[in-house]
Amino acid sequence: MKPTIINLIIFGIEKTGTQVIQQIITQKNDGIDIRIPAIVNDTVVFYENIEKPNSWDAFFDKSNKKYEVADIIARTAQMGLENLIAVDTTHTQHTVEQYPQLLQHHFDIISVNDAYSQLPETQLIYHVIKKTSIETGFTQNQSPEITAAAIVQRILKISHNKRHK
C-alpha cells in the first residue's frame, strides 16, 4: 500500500517551530510520509526544494509586508498538495486571522497561538469547522520541546485518521 502523504505548512520557526521541524524530520511512520512544503515567518516564506527534501529556499517579500496566506494556498494548489495541515507556533494575531481562509481551503489547523481566543473571528472559525468537518487541535503552550512533542502527536493523530478514511 502506498504511503499517505501529509503536507505541513509551519507558521513560525522560532523555538517551537524548529523543534516541530526537527521531530518531524527524524520521525519514522509506517504508511505515512510527512512533508513540510512551506515554512512561514513574518515576511519570509521558505518553500521546500523539490530536488532536495528537507531543504528550503527563501522567498523574501521586498516590500517588508506580512506574507499573504492566499499565495501559500495558491502554491499548494499549484503543486497539487493534499492532506494539508497548518501548524501555527507563532503568537501573532496576523496568523490567527488567516485561519478562516485556511479552513475554507480544507487545511487542518494545529495551533499554540494564544491570540486565537481573543479574536472575534472565533465564531466564524467554529462555523467553518462545523460545516467542513475539519479536525482542529489547540495545544497548551509549554516549553518548546514539550509543545513540539504535543504538536507532533496531534499531527500523527490527524495523519492516521486521513490514512484510514
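Visitor: Which element supplies the largest share of the lining of the second largest pocket?

Guide: That is α1, with three residues. Keep in mind that we are looking at a predicted model. Along with α1 (15-26), β2 (32-41) and α3 (93-96) each supply at least two residues of this lining.

Visitor: What is the volume of the second largest pocket, and which residues are the closest to its centre?

Guide: Its volume is about 280 Å³. Of the 20 residues that line it, Gly12, Glu14, Thr89, Thr90 and His91 are the closest to the centre.

Visitor: How do the residues of that lining divide into nonpolar, polar and charged?

Guide: There are 11 polar residues, five nonpolar and four charged. Gly counts as polar in this scheme.

Visitor: Why are α1 and α6 called oblique to each other?

Guide: Let's set the value against the cut-offs. α1 and helix α6 (residues 144-163) pack at an angle of about 50°. Angles under 35 degrees count as roughly parallel, and 65 to 115 as roughly perpendicular. The pair is therefore oblique. Their axes are 8 Å apart, and the crossing is right-handed.

Visitor: What makes up the contact of α1 with α6?

Guide: Residues including Val20 and Ile24 in α1 meet residues of α6, among them Ile151 and Val152.

Notes. Residues numbered from 1 in each chain as written. Predicted model: local features only at pLDDT ≥ 70, side-chain atom pairs only at ≥ 80, totals over all residues. Heavy atoms only, no water. 1 Å grid on protein atoms, 1.4 Å probe; cavity = no way out; pocket = protein on both sides within 12 Å on 5 of 7 lines; lining within 4 Å. Points joined across faces, edges and corners; volume = space filled by probe spheres on them. Helix = DSSP H or I, 4+ residues; strand = E, 2+ residues; numbered from the N terminus. Axes fitted to C-alpha atoms, helices over the stretch in contact; angles between N-to-C directions. Parallel < 35°, antiparallel > 145°, perpendicular 65-115°, else oblique. Left-handed = near helix turned anticlockwise from the far one by under 90°. Contact = heavy atoms within 4.5 Å.
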